[in-house]
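This briefing is meant to be read with the sequence and the structure side by side. Please look at both before going on to the points that follow.

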Amino acid sequence: MNHTTVYKSLTIGRKTWKIIKKHNKYYHWEGPRYECWRCDKVAFDYEDVAWLYSRYMFMKYGHQLDVYWDDQCGEWHLTTSYGTIWNWT
C-alpha cells in the first residue's frame with residue numbers, strides 16, 4: 001500500500017515544486033533547487049517557491065527560515081529567524 005501524497009505543490013510555467021508526505025511525515029522536497037552563483041546559498045527565482053521551501057524546512061527539520069530578496073545576487077534567499085515570525089499549520 002502506497003502512503004505517499006503531495007502535501008503542497010506549486011507550478012510556475014513548466015516547473016513544479018512539491019512537498020511530499022509519506023506515512024504521515026513530511027518527507028521530501030521535489031523540484032528544482034540550486035546554489036546561488038554568487039554567494040553559494042540556496043537560491044530561488046520566485047518568492048513563492050522560496051516560501052514553499054521555507055515551509056518544507058520547518059516541517060522536516062523545525063528550522064524557521066525567512067525569505068528575502070538579495071539585490072546583489074538577483075535571487076530569493078532564506079535566512080535564519082531567531083524569533084517566532086509565524087506558526088505554520
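This is a predicted model: local features need pLDDT of at least 70, side-chain atom pairs count only at pLDDT 80 or more; totals for chains, interfaces and linings use all residues.

Trp76, with a relative accessible area of 17%, is buried, and Trp69 and Trp76 together form an edge-to-face aromatic pair, with 5.2 Å from centre to centre and 65° between the planes.

**Aromatic rings**
- A pair of aromatic rings is described by the distance of the centres and the angle of the planes.
- The chain holds 7 aromatic pairs by this rule.
- Among them, Trp17 and Tyr46 are edge-to-face, because their ring centres lie 6.1 Å apart and their planes stand at 70°, where over 60 degrees is the cut-off for that label.
- This pair links distant parts of the chain, since Trp17 belongs to strand β2 (residues 15-22) while Tyr46 sits in the loop between β5 (42-43) and α1 (47-61), 29 residues apart.
- Trp17 counts as buried at 3% relative accessibility, whereas Tyr46, at 36%, counts as partly exposed.
- One aromatic cluster is formed by Trp29, Phe44, Tyr53, Tyr56 and Tyr61.

**The chain as a whole**
- The chain contains 1 helix and 7 strands, and read from the N terminus its elements follow the order β-β-β-β-β-α-β-β.
- Of the 89 residues in the chain, 30% are buried, and the chain exposes about 6200 Å², of which carbon and sulfur atoms supply 47%.
- Among the contacts with a separation of 6 or more, 40% are between residues 24 or more positions apart.

Note on methods
Residues are numbered from 1 along each chain as its sequence is written. Side-chain values use heavy atoms; hydrogens and water are left out. Helices (H or I, at least four residues) and strands (E, at least two) are DSSP runs, numbered from the N terminus. Buried means under 20% relative accessible area, exposed over 50%, partly exposed in between (1.4 Å probe, protein chains only). Contact means heavy atoms within 4.5 Å. Accessible areas come from the Shrake-Rupley method with a 1.4 Å probe; for residues, only the protein chains shown count as cover. Rings of Phe, Tyr and Trp (its six-membered ring) pair if their centres lie within 6.5 Å; planes under 30 degrees apart count as stacked, over 60 as edge-to-face and the rest as tilted.
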